[in-house]
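Here's a quick briefing to read alongside the model. Have the sequence and the 3D view open as you go.

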Amino acid sequence: MGVAKKTRKFAAVKRIIGQRDARLKKNQLAGEDQAKKKAKGDELVREVPQVSSSLFFQANTALVPPYSVLIDTNFLSHTVRNKLDLQTAMMDCLYAKATPIITSCVMAELEKLGPKYRIALRIARDERWERLKCDHKGHYADDCIVDRVLKHRVYIVATNDVDLKRRIRKIPGVPIMSVAKGKYNIERLPDAPER
């Protein structure tokens with residue numbers, strides 16, 4: 001005679017209400033608070049931000065050669081990693097003269113990164129590039145670039161930072177340059193050649 005096999009019974013465990021269950025009193029109160037906050041957020045906002053007169057829909061007519069390119073820290077590090085010459089690669093991408101601009105926040109960020117980024121720092125210290133002094137204190141370099149672009153929409157922003165790209169895409173009329181596949185790419189420039 002064979003031995004009778006006992007199969008395990010599934011779902012024989014006692015059911016317990018989870019911490020996030022809507023039937024609990026504390027979760028019901030939290031749901032009401034969220035509904036009140038949402039109702040406040042649905043109010044109409046009558047203030048519309050002033051848009052630059054140089055913007056024609058999403059195209060910025062103030063961007064003309066020679067282009068002013070605001071450079072971010074990681075753009076320089078990716079340039080070094082891909083062994084690209086900053087000036088010639090920009091001219092190959094834009095088909096026009098471009099002036100790289102480095103803010104003092106970006107310089108400070110490069111200096112803080114230490115010896116691993118010494119080549120990028122040496123490139124940034126080159127006298128051919130234009131320097132911008134920052135008059136604020138204790139700002140993050142990305143915040144500095146976004147503030148400068150919001151005030152004056154005459155810059156192309158050169159970055160490979162995903163978060164900074166996401167922030168700049170929300171600002172109409174500001175092109176973004178990045179390093180990919182051994183060359184520079186530009187997005188949102190109205191006259192840019194299709195590749």
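**The big picture**

Of this protein's 195 residues, 35% count as buried, meaning under 20% relative accessible area, with exposed being over 50% and partly exposed in between (1.4 Å probe, protein chains only). Keep in mind that this is a predicted model: local features need pLDDT of at least 70, side-chain atom pairs count only at pLDDT 80 or more, and totals for chains, interfaces and linings use all residues. Residues are numbered from 1 along each chain as its sequence is written, and side-chain values use heavy atoms, leaving out hydrogens and water.

**Fold and surface**

- You'll find 7 helices and 8 strands here; these are DSSP runs numbered from the N terminus, helices being H or I with at least four residues and strands E with at least two.
- Among contacts (heavy atoms within 4.5 Å) with a separation of 6 or more, 59% join residues 24 or more positions apart.
- The accessible surface comes to about 14,400 Å², and carbon and sulfur atoms hold 54% of that; the areas come from the Shrake-Rupley method with a 1.4 Å probe, and for residues only the protein chains shown count as cover.

**Backbone spots to check**

- A cis peptide bond runs from P65 to P66, with omega near -5 degrees. P66 sits in the loop between β2 (59–60) and β3 (67–71).
- Y95 isn't a glycine, yet its phi is positive, about 55 degrees. Look for Y95 in the loop between α3 (86–94) and β4 (98–103), where it counts as exposed at 59% relative accessibility.
- R188 is another non-glycine residue with a positive phi, near 70 degrees. R188 falls in the segment after β8 (183–187) and is partly exposed, at 30% relative accessible area.
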